[in-house]
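Hello,

Here is the model for your review. My notes follow below it.

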Amino acid sequence: MSDAIIRLEDIQKSYFMGNQAIPVLKGITLDIFKNEYVALMGPSGSGKSTLMNILGCLDSPTGGRYILNGKDVSKMPDDDLAEVRNTEIGFVFQQFNLLPRLTAAENVALPLIYAGVSKKERHERAMEALKKVGLEERSHHKSNELSGGQIQRVAIARALVNNPSLLLADEPTGNLDSRTSVEVMEIFGKIQEAGNTVVLVTHEEDIAHYAHRVVRLRDGLIESDKQQAFTTIHH
């Protein structure tokens with residue numbers, strides 16, 4: 001099928017300690033399609049963080065092929081991978097990684113500076129991204145004037161500002177209380193409804209419930225891959 005935005009073919013990853021290879025991913029084959037909402041789950045040591053790094057082009061596999069949006073990125077040189085990361089992928093991490101001296105809008109616009117976008121357009125696109133997460137009225141606030149949930153929403157807006165084809169979220173609610181987690185997860189739902197592909201790494205079952213498909217890893221292999229019936233929660 002041609003609308004697979006992510007196609008993994010027998011992905012393997014080993015780390016080397018001295019001359020001993022330690023296999024972490026032992027042959028992952030997986031297709032993720034445009035506009036899917038997928039949760040990657042698995043116990044500690046299952047390989048989910050390694051897989052997330054490969055999906056995000058932060059690391060390359062030792063074996064197998066990774067086709068992202070029609071491009072084989074598995075053997076790309078680092079410079080080309082950096083370009084793919086900047087244009088194709090939006091990242092949301094557990095640590096919000098905002099720069100405290102910048103306003104929300106300036107933080108959101110950061111990726112556009114690297115992309116060489118003019119100041120006026122940077123501001124317009126940052127405001128548009130903040131609007132998607134319901135924070136346009138907080139655009140002039142610095143992170144110490146925002147709550148944890150608002151800071152994570154700024155981080156989500158920053159991930160969206162380049163119009164990436166893929167949004168990767170790594171334990172995005174790990175530092176948030178349960179009520180704020182629900183707010184943030186509802187935003188991911190809206191982003192997916194608007195046409196984005198969302199891949200979420202989490203070890204929390206209640207967070208995985210928001211996704212439409214759950215892929216579970218164990219010992220570097222896919223243990224199960226299931227669509228789940230979901231109900232959109234509106235408060």
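**Strand pairing and overall fold**

Strand β1 (residues 4-17) runs antiparallel to strand β4 (residues 63-68), and 5 bridges join them. Strands pair here if DSSP finds at least two bridges between them. Within this pairing, I6 has L68 in β4 as its bridge partner. β4 is also joined to strand β5 (residues 71-72), again antiparallel, by 2 bridges. There, L68 stands opposite K71. β4 and β5 form a hairpin with 2 residues between them. N69, in the turn, has a positive phi of about 55 degrees.

This is a predicted model: local features need pLDDT of at least 70, side-chain atom pairs count only at pLDDT 80 or more, and totals for chains, interfaces and linings use all residues. Numbering starts from 1 along each chain as its sequence is written, and side-chain values use heavy atoms, without hydrogens or water.

The protein chain holds 7 helices and 10 strands (DSSP runs: H or I of at least four residues, E of at least two, numbered from the N terminus). Its C-alpha trace spans about 50 × 40 × 40 Å along the principal axes. The radius of gyration is 18 Å, which agrees with the value near 18 Å for a compact globule of 235 residues (C-alpha atoms; the rule is 2.2 Å times the number of residues to the power 0.38).

Of the 235 residues, 50% are buried (under 20% relative accessible area, 1.4 Å probe, protein chains only). Among contacts (heavy atoms within 4.5 Å) with a separation of 6 or more, 68% link residues 24 or more positions apart.

Best regards
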